[in-house]
Amino acid sequence: MNVTLKVFRYNPDVDKKWHYDTFNIEAQPTDRVLDLLEYVKGYLDGTLTFRRSCAHGVCGSDAMRINGKNSLACKTLVRDLGEKITVDPILGLPVKKDLIVDMEPFFDNYKKVLPWFINDSPLPADGKERLQSPEQRERFDDSTKCILCACCTTSCPSFWASDDYLGPAALVAAHRFIFDSRDEAAAERIEIIAETHGLARCHTAFNCTMACPRDIQVTKAIGELKMLTITGKLE
Amino acid sequence: MKSRNLPLNKRGFNFEMIMWIFTRLSALAMYTLLLIGFIGALLMGAREQMNFADVMRWAFMPNPSHVINTNIPDIAPWTALFWQLVASALLLVATAHGVHGLVVIADDYIVTSNGRKIVRLISMLMMASTSLIGLYILWTF
Ligand code: SF4
Ligand code: SF4
Ligand code: FES
């Protein structure tokens, strides 16, 4: 099938303003948008700039707005989009070049929630593992699937308003550790995420859940954190 | 194993979260109060003249000066203390709920912490003055 691919272009060295470039490409319905971009870069215009690494939905580097919806280019098939495909950078972060945005504000927010395992108590008597039951593991299973692609955070109206808002990805990371029975810093983290630019800024718009390429129930996770501030129940 | 509960002072239960919860609960409270006004009107013989405007008056402004316009046979019962209290409760809850809604919207546009403080201050003044004027009307006319 013949696909008309419109790509957002911006080169800060020459362009005053962004524009679209349009390419006509022969594609298979089973091609992914990433294949189209690779084709453009390889054969039509080598200056096209975008991030990608794994090409299999694992690294989270090729999040972009495809026909208006935040998705991973490597997980979006041409047949689900039709003959007209428009690709823009994700919203709410400064564009550096073409489809590449500055991810620093996103990762700064991520770091704020202390996204690492904290447990200073001595090892169990046998000196081996800190054990966890399957139920305890299940409690935070969904949020372990996050690949930090930023599809959620850059689809969130509260984040567009201000990148001080922690954003869904950072809250998912907080959820991952707060509800881990082996972690001991829940109180520290909940204090961080309950501040002015945290939890209460989520208006339950569900954009994040719809955007997540890993099908994480993002809004539900945020809801559980809100509930935690009321009940204090970590189980 | 240690208890997996966070004590109240360690739950991040701060002003922001209290206001977040308040907005949810006040919405429920408003539904309850609206139903009280509406059911009250039905009990007092309002079965014949139902239209949107009348229902709004019973539900949102259950006081004699509004109910009189809705062709209710007898408005005397509406002057009772009970209805004054219902109307006042609705006024206070709705004002606080609405003003907090405005604050939340303003927070999308005013993102510096000083700016937000000013917005909160102005909103509290707005809330207090609206509530006072409303109460004055409800209890003196
Ligand atoms: S549910 Fe909350 S975090 Fe998710 S997009 Fe909406 S406002 Fe943002
Ligand atoms: S929660 Fe989903 S959308 Fe958000 S960063 Fe993680 S994987 Fe991406
Ligand atoms: S390239 Fe790694 S997720 Fe798409």
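The legends below describe close-up views of a predicted model. Local features need pLDDT of at least 70 and side-chain atom pairs count only at pLDDT 80 or more, while totals for chains, interfaces and linings use all residues. Residues are numbered from 1 along each chain as its sequence is written, chains are lettered from A and ligands numbered from 1 in the order in which they are written, and side-chain values use heavy atoms, with hydrogens and water left out.

**View 1. Strand 3 of chain A and its partners.** Strand 3 covers residues 63-66 of chain A; strands (E, at least two residues) and helices (H or I, at least four) are DSSP runs numbered from the N terminus. Strand 3 runs antiparallel to strand 4 (residues 69-72), to which four bridges join it; two strands pair if DSSP finds at least two bridges between them. A:Met64 stands opposite A:Ser71 of strand 4. Two residues separate the strands of this hairpin, and A:Asn67 in the turn has a positive phi of about 45°. Strand 5 (residues 84-88) is also antiparallel to strand 3, with two bridges between them, and A:Asp88 is the bridge partner of A:Arg65.

**View 2. The two faces of strand 3.** A:Ala63 and A:Arg65 lie on one side of the strand, A:Met64 and A:Ile66 on the other, and all are buried. Buried means under 20% relative accessible area, exposed over 50%, and partly exposed in between (1.4 Å probe, protein chains only).

**View 3. The shell of ligand 1.** Residues around ligand 1 include A:Cys156, A:Cys202, A:His203 and A:Cys208; a residue is near a molecule if one of its heavy atoms lies within 4 Å of it. Helix 8 (207-211) and helix 9 (218-231) of chain A each supply at least two residues of this shell. By class, the shell has eight nonpolar, four polar and no charged residues. Ala, Val, Leu, Ile, Met, Phe, Trp, Tyr, Cys and Pro count as nonpolar, Asp, Glu, Lys and Arg as charged, and the others, Gly among them, as polar.

**View 4. The shell of ligand 2.** Among the residues around ligand 2 are A:Cys146, A:Cys149, A:Cys152, A:Cys212 and A:Arg214. The shell has 11 nonpolar, no polar and one charged residues.

View 5. A:Leu148 has a positive phi of about 55° although it is not a glycine, and counts as buried because its relative accessibility is 18%. A:Ala150, in this loop too, has a positive phi of about 80° and is not a glycine either; at 1% relative accessibility, A:Ala150 counts as buried.
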